[in-house]
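Subject: Structure handover

Hello,

Please find the structure below, followed by notes on what was found in it.

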Amino acid sequence: MTPHELLTQIKNEPNVLRLLVDTLNLYKNQNGFEQDLLTPGFVKEWLISDILGHDCHKTKHGADAYSKDGKEKYEYLSCKEGGSFQLDRIHKGNLHRIERNDSFFFAQFDKDNGLKCKRIWKGNTDVVLEESIKKIESMSDSSKHIGFTSKWVNENCELVFENLKPE
């Protein structure tokens with residue numbers, strides 16, 4: 001069933017939005033996720049993990065995803081086309097948030113359809129850490145966010161997924 005077919009099926013329900021959100025929340029719970037459906041970034045992390053065949057985190061603590069065997073930890077950063085990938089609340093004292101990961105994945109979503117993932121790059125943790133340290137050393141004390149441009153990601157990471165098909 002496509003999203004259009006589903007909407008046609010339920011269009012006469014009294015509260016379509018509530019039905020769809022409650023259904024997605026029920027599906028989330030059935031899959032063992034503990035965090036709130038509307039936790040910032042969660043839905044995109046779930047989408048990315050599904051594309052890459054990873055296990056998305058079940059809570060909001062630790063890595064964003066894990067390899068199927070549970071031996072590798074992954075961090076996901078995402079943005080829309082034209083944006084930059086942000087690593088939030090990072091400073092010299094918590095670089096372990098970078099170091100704990102085996103790889104980084106940078107997912108770029110369509111600028112018009114924020115749920116359509118267009119590209120994903122895989123980055124080596126050592127490369128991401130090196131760039132992060134450079135950025136931390138040059139940023140002001142009040143800033144705690146690091147941005148990675150699409151140009152940097154394209155030049156320093158491996159493209160592992162691409163979906164450029166029109167909708």
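Does lysine 118 count as buried or exposed? At 13% relative accessibility, lysine 118 counts as buried, where buried means under 20% relative accessible area, exposed over 50%, and partly exposed in between (1.4 Å probe, protein chains only).

This is a predicted model, in which local features need pLDDT of at least 70 and side-chain atom pairs count only at pLDDT 80 or more, while totals for chains, interfaces and linings use all residues. Residues are numbered from 1 along each chain as its sequence is written, and side-chain values use heavy atoms, with hydrogens and water left out.

Overall layout. The protein has six helices and eight strands; these are DSSP runs numbered from the N terminus (helices H or I, at least four residues; strands E, at least two). Their order along the sequence is α-α-α-β-β-β-β-α-β-β-α-β-α-β. The C-alpha trace spans about 55 × 35 × 35 Å along its principal axes. Of the 167 residues, 36% are buried.

Salt bridges. The whole structure contains ten salt bridges, each being a side-chain nitrogen of Lys or Arg within 4 Å of a carboxyl oxygen of Asp or Glu. One of them joins lysine 118 to glutamate 81 (3.1 Å, N to O). Lysine 118 lies in strand β6 (residues 117-124) and glutamate 81 in the loop between β3 (73-80) and β4 (85-87), so this pair ties together parts 37 residues apart in sequence. Glutamate 81 is partly exposed, at 22% relative accessibility.

Another salt bridge pairs glutamate 162 with arginine 119 (3.4 Å, N to O). Here strand β8 (residues 158-162), which holds glutamate 162, is linked to strand β6, which holds arginine 119, and the two residues are 43 apart. Arginine 119 is buried at 18%, whereas glutamate 162 is partly exposed at 43%.

Within helix α5 (residues 125-138), glutamate 131 and lysine 134 sit three residues apart, about one turn of the helix. Their salt bridge has its closest N and O atoms 4.0 Å apart. Glutamate 131 counts as buried at 14% relative accessibility, and lysine 134 as partly exposed at 47%. Elsewhere, salt bridges with shared partners join Glu81, Asp110, Lys118, Arg119 and Glu162 into one network.

Charge totals. There are 24 positive and 27 negative side chains, and the centres of the two sets lie 2 Å apart. Lys and Arg count as positive and Asp and Glu as negative, without His and the chain ends; each charge is placed at NZ of Lys, CZ of Arg, CG of Asp or CD of Glu.

Regards
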